[in-house]
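Please read these points with the model open beside you.

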Amino acid sequence: MPLLSPRSYLFVPGSRPDRFAKACAAEADAVVIDLEDSVAAADKATARAAIAAWLALAQPVYVRVNVPNSEFFHDDLKLGGKPGIAGVLLPKAERIEDIHIVAEHFGAAVPLLLQIETAQGFRNAPEMAGAKCVQRLLFGSIDFQLDLGMAAEEDELLYFRSQIVLVSRLAGIQSPVDGVTTDINSPKRVRADTLRARRLGFGGKMCIHPKQVPVVNECFAPTGEEVSWAKRVVDASAAVHGGATSVDGQMVDRPVLARAEKILEMVAQLKQR
């Protein structure tokens, strides 16, 4: 059974080491300590040192480095080889060459998550997604809108989100992660955004505040109704030894059974977390 991919990625500024442990206790599936957008230029070196001092195998986290064309990128690569790095996030990923540079410093075994945030990155996503160390694509929707001069919410980004899902599937990597919801005081908005992402085929969402995490985790987990349906489908199929049957007036064939089995597998894995 494939391991369940993280549903929630909680970001914490690298310049706030006092928040590292708190972020890890927020029940996010993954914690990302950030060296990029949330850290001022004057604080980059201090933040990098704080991360290096805090990292430990007992609490693995992801690290987001600075963009490849920045003056800080190569110093961030010095974190390679440190314990406790679960993976590396590469913001504004655009070139396969930059992926190779990150893999060289952090090791090919360290998963790499690519943030698609520019037109160039979107164009090159199929090639980049095929790199061996790439585990997942993340859609940086806010920066993407800025790069394309868009004022978008949902429909305007539908094509780009759908393509990122398709690229991920064709590359055989984990389903992608959707961008942040900037309104941290509206669980309703977080829920709507997350459910939309799930309907489109995303498997996770980035979070900028701990209180967004429970909503995101819940939305990417099967509902009680889905679990009940899945059990009925599996039981009905077993009763006819895998042949076609019906449940709730709907035909059950192999694709429907596969969906039901996937739901129950996900429930079993969530119980183990």
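1. Axes here are lines fitted to C-alpha atoms, for helices over the stretch in contact, and angles run from 0 to 180 degrees between N-to-C directions. Helices (H or I, at least four residues) and strands (E, at least two) are DSSP runs, numbered from the N terminus. This is a predicted model, in which local features need pLDDT of at least 70, side-chain atom pairs count only at pLDDT 80 or more, and totals for chains, interfaces and linings use all residues. Residues are numbered from 1 along each chain as its sequence is written, and side-chain values use heavy atoms, with hydrogens and water left out.

2. Helix α10 (residues 224-239) and helix α11 (residues 254-272) have axes that come within 9 Å and cross at roughly 125°. That angle makes α10 oblique to α11; angles under 35 degrees count as roughly parallel, over 145 as roughly antiparallel, 65 to 115 as roughly perpendicular and the rest as oblique. The crossing of α10 with α11 is left-handed, a term for the near helix being turned anticlockwise from the far one by less than a right angle, with clockwise giving right-handed.

3. Which residues of α10 and α11 meet? From α10 they are E226, V227, W229, A230, K231, V233, V234 and S237, and from α11 V256, L257, R259, A260, E261, I263, L264 and V267 (contact means heavy atoms within 4.5 Å). The residues of this contact divide into 11 nonpolar, one polar and four charged. Ala, Val, Leu, Ile, Met, Phe, Trp, Tyr, Cys and Pro count as nonpolar, Asp, Glu, Lys and Arg as charged, and the others, Gly among them, as polar.

4. The axes of helix α5 (residues 119-129) and helix α7 (residues 158-171) also come within 9 Å, crossing at roughly 15°. Helices α5 and α7 are therefore roughly parallel to each other. Their crossing is right-handed. F122, A125, P126 and A129 of α5 meet Y159, F160, Q163, I164, V167 and A171 of α7, and this contact has nine nonpolar residues, one polar and no charged.

5. On a 1 Å grid over the protein atoms alone, a cavity is a set of points where a 1.4 Å probe fits but cannot get out, and a pocket is an open set with protein on both sides within 12 Å along at least five of seven lines; lining residues have an atom within 4 Å of a point. Grid points are joined across faces, edges and corners, and a volume is the space filled by probe spheres set on the points. The count is one cavity of 30 Å³ or more.

6. The largest cavity holds about 40 Å³ of space. Its lining includes V88, F106 and C133, and helix α4 (residues 96-106) gives the largest share, three residues.
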